[in-house]
Amino acid sequence: MTPATPIDTLCRIILRAREYEAQIPTNYDSDESPDNVDGDDDDEAFSVLDDDINTSVEEELAGVIDDLADDQQAEVLAFVMLGRGDYEKSEWKEALETAAEESDIVDTLLETPMLASMLEQGMAVFDLDCDGVGSVT
């Protein structure tokens, strides 16, 4: 199978999704000193893992997906659904049709738990991987 979405783009989504999934909300008391601080200027300390402050990874991931053609976005979502076990390899066309009916694929993907792993597993069903395509670890 040759995907409509370039492998390097799929791998970039996986890489950014891993970074996005690594961000966690921080709710420490302002009088408390956080362990993971990027700046320690008395009034300007903030957590580098704070998902409310550090939105650049989310914006980049959303941008990469949003820049894809509609059929490519549907393909990415179909790979995720395959990786999640919603569909079997033999049901690929049905997965694509279901994904294409989704009204907001970008938000759906961003809200998908373990997006990177699900996308990788879906690609693996078709023997597609990111080996030799930059650093995805």
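Reader: Arg16, buried or exposed?
Author: Buried: in this predicted model, Arg16 has a relative accessible area of 18%. The cut-off for buried is under 20%, so Arg16 falls on that side of it.

Reader: OK, and which residue does Arg16 form a salt bridge with?
Author: Glu19, with the closest N and O atoms 2.8 Å apart. Both residues sit in helix α1, 3 residues apart, so about one helical turn separates them. Glu19 counts as partly exposed, at 33% relative accessibility.

Reader: What about Glu60, who's the partner there?
Author: Arg12 forms a salt bridge with Glu60, and their closest N and O atoms are 2.9 Å apart. Glu60 belongs to helix α2 (residues 56-66) and Arg12 to helix α1 (residues 7-22), so this pair ties together parts 48 residues apart in sequence.

Reader: How accessible are Glu60 and Arg12?
Author: Glu60 is partly exposed at 26% relative accessibility. Arg12 is partly exposed too, with a relative accessible area of 41%.

Reader: Switching topic: what does Asp86 pair with?
Author: Arg84. Their side chains meet in a salt bridge, 2.7 Å from N to O. Asp86 is partly exposed, with a relative accessible area of 40%, and Arg84 is partly exposed with a value of 40%.

Reader: And which residues do shared partners join into one network?
Author: Arg12, Arg16, Glu19 and Glu60 are joined that way, through salt bridges that share partners.

Reader: Last one: how many salt bridges does the count come to?
Author: The count comes to 5 salt bridges, among them Glu60 with Arg12 and Glu19 with Arg16.

Technical notes
Residues numbered from 1 in each chain as written. Predicted model: local features only at pLDDT ≥ 70, side-chain atom pairs only at ≥ 80, totals over all residues. Heavy atoms only, no water. Salt bridge = Lys/Arg side-chain N within 4 Å of Asp/Glu carboxyl O. Helix = DSSP H or I, 4+ residues; strand = E, 2+ residues; numbered from the N terminus. Buried < 20%, exposed > 50% of the residue type's maximum accessible area, 1.4 Å probe, protein only.
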